[in-house]
Amino acid sequence: MRSPRRCSRNGCPRQAVATLTYVYNESTAVVGPLAAFAEPHTYDLCEQHARSLTAPRGWNVVRHEGEFEPPPPSADDLVALAEAVREAARPAPPRPPDEQHQQQHHQQHSQTGRRGHLRVIPPNH
């Protein structure tokens with residue numbers, strides 16, 4: 001799954017919910033809902049920075065009046081989640097006896113597993 005877009009302000013770790021665009025020929029800064037795609041000459045902002053943005057003297061700020069909401073998961077996100085669930089539910093192929101012993105020993109000493117960026121946490125016994 002892709003990671004959510006972050007606020008463009010230096011040091012801000014929050015998720016972006018708005019996009020700032022400058023219209024230079026009209027001396028206007030426009031803060032609106034998060035654009036579908038990150039563009040080279042726009043800035044993604046978290047809600048706090050979107051609401052508190054000020055423009056240079058002589059410029060106007062046009063700000064979205066509604067609520068800023070994080071974007072819904074994309075189809076790519078949902079497909080990746082479904083594939084991860086399918087893989088976790090897939091039974092493991094049978095192992096030779098000496099590998100089974102090693103696997104049991106490993107499971108006794110390991111409580112979690114990693115698969116890429118996902119962690120598999122076994123159920124409590």
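1. Let's start with one side chain: Tyr43 has a relative accessible area of 38%, so Tyr43 counts as partly exposed. Keep in mind as you read on that this is a predicted model.

2. Tyr43 has a ring partner. The centres of the Tyr22 and Tyr43 rings are 6.2 Å apart and the planes meet at 70°, which is over the 60 degrees needed, so we call this pair edge-to-face. Where do the two residues sit? Tyr22 is in strand S1 and Tyr43 is in strand S3, so this pair ties together parts that lie 21 residues apart in sequence.

3. Now have a look at Tyr22 itself. With a relative accessible area of 26%, Tyr22 is partly exposed. Tyr24, on the other hand, reaches 59% relative accessibility and so counts as exposed.

4. How many aromatic pairs turn up in the whole structure? A search finds 4. One of them joins Tyr22 and Tyr24: here the ring centres are 5.9 Å apart and the planes are at 35°, so the pair is tilted.

5. In what order do its strands run? The open sheet has 4 strands, arranged S3-S1-S2-S4, and their pairing is mixed. At the edges you'll find strand S3 (42-45) and strand S4 (60-63), each of which pairs on one side only. Going from one strand to the next, the twist averages 20°.

6. Zoom in on strands S1 and S2. Are they parallel or antiparallel to each other? Strand S1 (residues 18-23) pairs with strand S2 (residues 28-33) in the antiparallel sense, over 6 bridges. As a reminder from class, strands of a sheet pair through backbone hydrogen bonds, and they can do so in a parallel or an antiparallel way.

7. Last, a word on confidence. The chain has an average pLDDT of 77, and 59% of the residues score at least 70. Which strand does best, and which does worst? Confidence is highest in S3, at 95, and lowest in strand S5 (residues 113-115), where the mean is 51.

Notes: Residues numbered from 1 in each chain as written. Predicted model: local features only at pLDDT ≥ 70, side-chain atom pairs only at ≥ 80, totals over all residues. Heavy atoms only, no water. Pairing = 2+ DSSP bridges. Helix = DSSP H or I, 4+ residues; strand = E, 2+ residues; numbered from the N terminus. Axes fitted to C-alpha atoms, helices over the stretch in contact; angles between N-to-C directions. Phe/Tyr/Trp six-rings, centres within 6.5 Å; stacked < 30°, edge-to-face > 60°. Buried < 20%, exposed > 50% of the residue type's maximum accessible area, 1.4 Å probe, protein only. pLDDT = per-residue confidence, 0-100.
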